[in-house]
Amino acid sequence: VMALFFVLTVLHVVVNYIGVDVLRLRTLNRERAEVLLASVVEGVAEDFLSFGMKSDESENGSISDATFVVPKPEEVHESLYQSVLTLLFPKRCSVELGARFHPDCCKAEYRPMLQLLIGERYLLRTEQRDNAKWAFSVKVVLLYGAKEMDEWRALVHAKILHRTLQKVQDSNGGIVQNKLEYHYQLMEWSYNWVRSLTSADGGVLHLNSLARLGWECDRLYFCSGRWRVAFENEKND
C-alpha cells in the first residue's frame, strides 16, 4: 500500500509540474521578466564590447532600440526550478532587487552615483562576490514610494549593468576593474540605455509597450522584499 501511495504521489507531482510548465502566463514575475529581457540585455552588452562608452553618444546607443524584438507572453518559457530558487534565495541572484541600504552609499565617492539617479526611485550598488561565477553582483535599493515602473526600470538597469560587467570579465580573462569610478562610468552608460528603452515615447521596454504585446503590467510579481529607503528631506516634504 505504501509503495502504491508513493508511486501515485510522485506521478501526481510530475503531472502537476508538466501542467504548470506548459502554462504561458501573462503576468511578470522575476523569472519571466528576465527571460523577456534576455535578448535586449545581451544586445546592449554586446554593443558595449563593440563600441565602449562611446556607444551612448546618440543617447540610445549605436544601435536603435527599435531593432530589439521583445517576446510576447506565449513566446516566453520560464524555468520553474529557477523561479523557486529566486523566490527562496533572492540573495543568491546576480541582481538582488530590494536590497538593504548599505553604508557605502553614504561615502563621498558614491555621490556621483546618487546624483546620476537623483530622479529615480532606486539606487544601484555593485558588490564583489567571493567564489562565484561572476565577479560582481548588483544590489538594487528601492526608495520609499517606488511604483511598478520604478521597480521595472531598476531591474532593467541592474541587468544591463551586470551583464556588461560579466562580458567585460569574460573578455579580459576573468578580470574586471574593481574601481568605483569605472563602475560609475558603466552605470552612467547603461542608464542612458535604460532611459531610451523605457521611455514613455515609444520605448520598447516601457510597460505600456509590453501591455500592447499582451503582458499584464498593472502589477509586477518580483518579490522585491520589504526594504525601502526614505531620505530625511523626503520625509519632511
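1. Helices and strands are taken here as DSSP runs, helices of at least four residues and strands of at least two, numbered from the N terminus. On that basis, the elements of the protein chain follow the order α-β-α-α-β-α-β-β-α-α-α-β-α from the N terminus on. The model is a predicted one.

2. As to burial and surface, 45% of the 237 residues of the protein chain count as buried. The accessible surface of the protein chain amounts to about 13200 Å², and carbon and sulfur atoms account for 55% of that area.

3. Contacts in the protein chain reach across the sequence: among those between residues at least 6 apart, 74% join residues at least 24 apart.

4. Helix α2, residues 30-51, packs against helix α5, residues 148-171, with the axes 8 Å apart and at an angle of about 50°. The two helices, α2 and α5, are therefore oblique to each other. The crossing in which α2 passes α5 is right-handed.

5. The residues that form this contact can be listed by helix. From α2 come R30, A33, E34, L36, L37, V41, E42, V44, A45, E46, F48 and L49. Their counterparts in α5 are W152, L155, V156, K159, I160, R163, T164, K167, V168 and S171. By class, the residues of the contact of α2 with α5 comprise 13 nonpolar, seven charged and two polar.

Note on methods: Residues numbered from 1 in each chain as written. Predicted model: local features only at pLDDT ≥ 70, side-chain atom pairs only at ≥ 80, totals over all residues. Heavy atoms only, no water. Buried < 20%, exposed > 50% of the residue type's maximum accessible area, 1.4 Å probe, protein only. Contact = heavy atoms within 4.5 Å. Areas by Shrake-Rupley, 256 points an atom, 1.4 Å probe, with all protein chains shown as cover. Axes fitted to C-alpha atoms, helices over the stretch in contact; angles between N-to-C directions. Parallel < 35°, antiparallel > 145°, perpendicular 65-115°, else oblique. Left-handed = near helix turned anticlockwise from the far one by under 90°. Nonpolar A, V, L, I, M, F, W, Y, C, P; charged D, E, K, R; others polar.
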